[in-house]
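The sequence and the structure are shown first.

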Amino acid sequence: MRVSVISCVLFLSLIGRAQEVQWASKVEAFSSEFGQKQYAAGQVLGTPGCMPLGGDNPVCWKSGTLSANEWIKVVFEKPMKIRQVIIAEAFHPGAIVKVELFDRNGRSFIVYKQKAKQLKENVRMLYIDFPLTDYEVIAVKIGLDLL
């Protein structure tokens, strides 16, 4: 069994030559959390607290159960068209199996899907690139397989 700790979620939009980074501003829902303050789902909001060193850190979100169906969905303050999602995996990276984007109408668009794997590195920044969306993204849902 693996434990995965997600430090933060952000997305990066490249509009013309300018870059705009937006951190998650609200947790909409999640499958479980290890604690209500430390390791809580709310720890994914704002700038990352436990990167770049990573590790099992209470200022990161950690799921409360080890299952193949853990997830967290975060909302962004300013909906925008994007071409990249970046996720900081602070502890045992490789458990992310799906990343979905949501538009203002609640429609979902899968931009990342693969099987969980054990990686050699202890931490990583997962960069997910795709063509610029033709819709404004309001939320991102991350699916994890911790088995």
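Q: Which lysine lies over the face of Phe102, and at what distance from the ring centre?
A: The model examined here is a predicted one. A charge counts as sitting over a ring if NZ of Lys or CZ of Arg is within 6 Å of the ring centre and within 35 degrees of the ring normal. For Phe102, the residue over the face is Lys73, and its distance from the ring centre is 3.7 Å.

Q: Which residue lies over the face of Phe34?
A: Phe34 also forms an aromatic pair with Tyr39. Over the face of Phe34, at 4.4 Å from the ring centre, lies Lys62.

Q: How many helices and how many strands are there in the protein?
A: From the N terminus on, the elements run β-β-β-β-β-β-β-β-β-β. The count is therefore zero helices and 10 strands.

Q: What percentage of the residues of the protein count as buried?
A: A residue counts as buried when its relative accessible area is under 20%. The protein has 147 residues, and the share of them that count as buried is 46%.

Q: How are the rings of Phe34 and Tyr39 arranged: stacked or edge-to-face?
A: A pair of aromatic rings is described by the distance of the centres and the angle of the planes. The structure holds two aromatic pairs. In the pair of Phe34 and Tyr39, the centres are 5.2 Å apart and the planes stand at 85 degrees. Because planes over 60 degrees apart count as edge-to-face, the arrangement of Phe34 and Tyr39 is edge-to-face.

Q: Why is the pair of Phe109 and Tyr135 stacked?
A: The ring centres of Phe109 and Tyr135 are 4.0 Å apart. Planes under 30 degrees apart count as stacked. The pair is stacked because the angle between the planes of Phe109 and Tyr135 is 15 degrees.

Q: How many residues apart are Phe109 and Tyr135, and where do they lie?
A: Phe109 is partly exposed at 26% relative accessibility, whereas Tyr135 is buried at 11%. Phe109 belongs to strand S8 (residues 108-113), and Tyr135 belongs to the loop between strand S9 (124-129) and S10. The pair links distant parts of the chain, and the separation is 26 residues.

Q: What is the phi of Tyr39?
A: Most residues other than glycine have a negative phi. Tyr39 is located in the loop between strand S3 (26-30) and strand S4 (61-62), and it is buried at 13% relative accessibility. Although Tyr39 is not a glycine, its phi is positive, at about 65 degrees.

Q: Which backbone nitrogen does the side chain of Gln22 reach at 2.7 Å?
A: Gln22 is part of strand S2 (residues 18-23) and is buried, since its relative accessible area is 8%. Its side chain reaches the backbone nitrogen of Glu77 at 3.1 Å. The backbone nitrogen that the side chain of Gln22 reaches at 2.7 Å is that of Lys78.

Q: What is the volume of the largest pocket?
A: Rolling a probe the size of a water molecule over the atoms shows where empty space is left. For the largest pocket, the volume is about 190 Å³.

Q: Which residues that line the largest pocket are the closest to its centre?
A: Strand S5 (70-80), strand S7 (96-103) and strand S10 (137-144) each supply at least two residues of the lining. By class, the lining has six nonpolar, two polar and six charged residues. Of the 14 lining residues, the closest to the centre of the largest pocket are Asn69, Val97, Lys98, Gly143 and Leu144.

Q: How far apart in space are Val140 and Glu28, C-alpha to C-alpha?
A: Val140 lies in strand S10 and is buried, because its relative accessibility is 0%. In sequence, Val140 and Glu28 are 112 residues apart. In space, their C-alpha atoms are separated by 9.6 Å.

Q: Is Asn122 buried or exposed?
A: Asn122 is found in the loop between S8 and S9. Its relative accessible area is 61%, and a value over 50% counts as exposed. Asn122 is therefore exposed.

Conventions. Residues are numbered from 1 along each chain as its sequence is written. This is a predicted model: local features need pLDDT of at least 70, side-chain atom pairs count only at pLDDT 80 or more; totals for chains, interfaces and linings use all residues. Side-chain values use heavy atoms; hydrogens and water are left out. On a 1 Å grid over the protein atoms alone, a cavity is a set of points where a 1.4 Å probe fits but cannot get out, and a pocket is an open set with protein on both sides within 12 Å along at least five of seven lines; lining residues have an atom within 4 Å of a point. Grid points are joined across faces, edges and corners, and a volume is the space filled by probe spheres set on the points. Helices (H or I, at least four residues) and strands (E, at least two) are DSSP runs, numbered from the N terminus. Ala, Val, Leu, Ile, Met, Phe, Trp, Tyr, Cys and Pro count as nonpolar, Asp, Glu, Lys and Arg as charged, and the others, Gly among them, as polar. Buried means under 20% relative accessible area, exposed over 50%, partly exposed in between (1.4 Å probe, protein chains only). A polar contact is a pair of N or O atoms within 3.5 Å; within protein, one must be able to donate a hydrogen and the other to accept it, and residues adjacent in sequence count only if both atoms are side-chain atoms. Rings of Phe, Tyr and Trp (its six-membered ring) pair if their centres lie within 6.5 Å; planes under 30 degrees apart count as stacked, over 60 as edge-to-face and the rest as tilted.
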